[in-house]
Amino acid sequence: MKVLGYAFISALLVLNTLMGAAWAEDPEARSIMEKVDARDDGNRSISDMQMVLINKQGRKRVRELRSYGIDKGDDHLSLMFFLSPADVSDTGFLTYDYDTPDKEDEQWLYLPALKKTKRIAAGDKSGSFMGSDFSYADLTSRRVDDYKYSFNKQQREAVVYGKKVWVIDAIPKDEKIVTETGYKRAIVFVRQDNLVIVRAIYFPEDGNTIKYYDVKGLELIDNIWTATEIHMTTKKGKVTEHKTILTFSNVKYDQESVNEDLFTTRRLEKGP
Amino acid sequence: MTWVHNRFENWFRRLTALVCRRKYLALFLMLGLTGVMIAQLPKITIDTRDEGFFYEDDPALITYNNFRERFGTDDAFIITLRPQKGITREFLRFLKQLHTELEDKVPYLDEISSLVNARLVRAENDTLIVEGLLDDFPENDAELDKLMAQIDRFPMYDKLLISEDRSLVSIMIRAKAVKELPESELFAGFEDNQPDTRKDIDKYLSNSESTEITQAIKDVLSRYRRNDVEMFFSGTPAVIAELQASIEKDLSTLVPLAALIALTFLTLLFRRVSGVLFPITVVLLSLLSTLGIMAMVGLPITLLTQMLPSFLVIVGIGDSVHIMTIFYRIYRKTGDKETAIIDALGFAGLPVLMTSLTTACGLMSFVFADVASVAQLGYIAPIGVMLALVYTVILLPALICILPIKQGVPMPEHQLPVADRIFTWIATVTTHRPFLVSGISAVLVLLAIVAALPVRFSHNTLKWFPESSDVRVSTDLLDQVNGGSIMMEVLIDTGHDNGLLEPTVMEGLSEASEEIPRMEYFGIKTAKAWSLADVVKETNRALHEDREEAYAIPDDRQLIAQEIILFEASGSNDLEKFADMTYRVGRLSILAPFCDAILYTEYNAKLQDYLEKKFPGAKITLTGKIPLFVKLIRNVITSMAKSYIFALVVITALMIFMVGRVWISLMSMIANVVPIIGVLGIMGLKAIPLDMSTMLVGSLILGLVVDDTIHFLHHFRKAHEQHPDMETAVRMTLFSTGRAMVITSLVLCAGFFTYLLAYLESNVRYGLLTGSAVILALAADFFLVPAMLTIAYKFKTQKGDAP
């Protein structure tokens, strides 16, 4: 499973200083991000996922899903089935996430009530995933070369949940990446011991909101560092607009049953 | 009561003597106080938001704010384009460029919607596509025709983004006040549950933000102006910004005009530098101090408080005129400035104090108003009036004592100027024919009451602007072509999570969208209604190969839920506009015409009734701007009642105190109510409604018109003691105070009539009514009061009582 904790963003921020100086990359920061990209995040995974959407008034919507994932070269395939609520149980969602920028990702949704699979024209990845605070860009892999990296001017290092982290700014290299992902900048907090991104601050293109990504649960499962609880909070200024909590349980890697045949529309229609 | 009057007279004399002895200290203190207040002026703000009329705990405002918290703002800036040649590819290209530039340049932007990014849900073979309407720009006429056919298939666009006759295209801009977080505070955002301690005024667009956005939009539009595309600009935030600009415009003309009128009258009256300079200085400094206090306590300039500066200039002059008139008369005879001012304040101090108190009480009656901005006026306006008194009583004598003043020549006693001949005639007529005069007055009052019968309550912000104003023209156009330009919002709370997914509820929403625009009550017919049902129908159609018959609500709850998942999966955020997180509360938006809120009072009741029958068991809440305006009218009515009763009671009490005789005071109050009835008659004849700008006129006028009555009765009391004959007493009263009454009334009248030159219609009406009231009040004081006094004294004498 492509660990959601490995969510690194690309954003282009035109950093206008008073002198109009161009934003420069720090090779050390880049080197760290390359290592993050190269980190083993597991393959042929199965997990149960709970998605809790919380609005400003504290009202919650809870969905349970079963998720499968496999790497196919540089591409990643994922399959999810809704387990609850009952109205949407057995609804399936299949994604082909292609690494090459020229090839558009593919998505299908199976509706059990109609017994029909519909392909969804995904367009860019800035749209919200299933109404949550995560966008498709947050859930798919980012190409490390799409960004420039430097250490954050306020804090080069910090401590998050008792662990030392590097604090790195990531800026998309061109406008196309901003449009595709919906972000113009990100600040990522990378654990120095295991190269996991445990926190991040995302700056959407519209400039009205800020998103806070926070890995509250991180475990070593089958020797893979796995985020088991992730919070994504959308804020306007200091105020929380809404929040999504993803919780992963029963995470397993290298499962025999998870092979490329699983990630087909035919299998999608069979249910979990 | 004579001993009370004597005590006050002595007190004023002692105070003035003290000021004269310590003239430089008095000057220093007053200038120092003024300096402190003036320093606050840069903090002053303007607030023309509709929410400014409400207290924070008003249930209607709370409901509205809760709605906005949940679903975002319903306010939108609306740019309407009318291309001469209709919708062509060239026009669409223009639209796209304009849309993009607005997206880039408008600050605080939350959302911009037009045909460029209008949601298109369609099927292409086996693929569901959710995209913007112009994502694939039509490259030729055939593709343009296809696009127009697509638009026809989406009723959601009609009357919002494009008119039904395809002659108008709109761009809707929604903005939100977002305070950018400084970099230093970014990292703190990981802390959970930071409480939202912002006041409501900080959560939503402020006046200055609306103005900033309006200016940004206008700047962009000015660069895109072309002969073949007409542009119109409207929407509630645009109205707010326009209202602010209009208030600033009126303030910048009316206040100087008021000062000029005061200056002119003072020049004509006194014909000397001191006679002009001293009163103007006193009034202007007291005005600046009042504005400084407003700034200090955070009271904004609103539609109502904007009347304050001109009002204070005009009213404040009256105190100085009374005192200076007496001062000059004594000074011309004696040549001793200090004695003259001490005597002047001794004699005129009490009536000046009482007139200030009655004016202040008339204004203070607003404090009880249920309209927040009216209550604000009730706090600050009396302070302004009393400050003017303080400056008159302290700064004026100090200036007189310090600065040189020519003595002048005493007026010959034997001459009877024209004015005195008129006063003599009035005294004769009113005292010899009191029943005739009273009878004629009664008939006129009766006629005024009849004329006043059509007067109605109203709230229509647009009618405050001149007919030719951009925002009114634009809004009228949208109402005419699209049938609506303002939103009404309905919240349907099903009472349980996922309640909206029930086919019966979803079908109910769909039916309501069709039935509501067909309803017509009390002249109101809404343009369209839409909800989550439209999204479900669009998705259902796309799922069924775009067949038109599939543009319907499925009867399977699970299918509805899964179609919503499908829509979510497309990446669109539109669902959060239509339902809450748990699909318990749905939103039904209604596009309605911008007309008088009084008409909506009954319409809303009918709508509520209809919806409660359509969704049995659900809680139906009407909110948005229209229900807010309806509540405002109710608040206006109750405010008026409270204000008028308070003003009447308190001012009557003050009159009794001043005059010393209960029934003479009550009788004089009858004469003071007459101008108010006369004003209501004028309103009836000119079809002027009772609204925010006119509702206060009654209490305001009452506080003003009693001033002349107080002066008249004060002088009459003394004259009658010396001359028991009514005719002589009235004549001597008019000789001693008549000129000052005429002058102050003329100053007031002229000052209020300058509002006839105002840009805002609401100010024009205010000026017409208050100016007319002053004339009527003077007439009542000259004719009705002496007549009623004659009858009263005759009656008392016949009974054998001492009058």
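This report walks through the confidence of a predicted model and some of its salt bridges.

## How confident is the model?

Let us start with the scores. The predicted model as a whole has an ipTM of 0.85 and a pTM of 0.85. For chain B, the mean pLDDT is 88, with 96% of residues at 70 or more.

Helix α17 (residues 503-515) of chain B has the highest confidence, at a mean of 96. At the other end of the range is helix α7 (residues 200-203) of chain B, where the mean is lowest, at 64.

## A salt bridge within one helix

Over all chains, the model contains 65 salt bridges. A friendly place to begin is chain A, where R30(A) and E34(A) form one of them, with 3.3 Å between the closest N and O atoms. Both residues belong to helix α1 (residues 27-38) of chain A; they sit four residues apart, so about one helical turn separates them.

The two partners differ in how much surface they show. R30(A) has 12% relative accessibility and is therefore buried, since buried means under 20%. E34(A), in contrast, is partly exposed because its relative accessibility is 38%, which falls between the limits of 20% and 50%.

## Salt bridges across the sequence of chain B

R153(B) and E548(B) meet through their side chains in a salt bridge, at 2.9 Å from N to O. This pair links distant parts of the chain, 395 residues apart: R153(B) is in the loop between α5 (141-152) and β5 (169-175) of chain B, and E548(B) is in the loop between α18 (532-543) and α19 (557-569) of chain B. With a relative accessibility of 19%, R153(B) counts as buried, while E548(B), at 42%, is partly exposed.

The side chains of E511(B) and K614(B) form a salt bridge with an N to O distance of 2.8 Å.

## A linked network

Finally, which residues of chain B are linked in a network of salt bridges? They are E111(B), R119(B), E538(B), D574(B) and K577(B).

Conventions. Residues numbered from 1 in each chain as written. Chains lettered and ligands numbered in written order. Predicted model: local features only at pLDDT ≥ 70, side-chain atom pairs only at ≥ 80, totals over all residues. Heavy atoms only, no water. pLDDT = per-residue confidence, 0-100. Helix = DSSP H or I, 4+ residues; strand = E, 2+ residues; numbered from the N terminus. Salt bridge = Lys/Arg side-chain N within 4 Å of Asp/Glu carboxyl O. Buried < 20%, exposed > 50% of the residue type's maximum accessible area, 1.4 Å probe, protein only.
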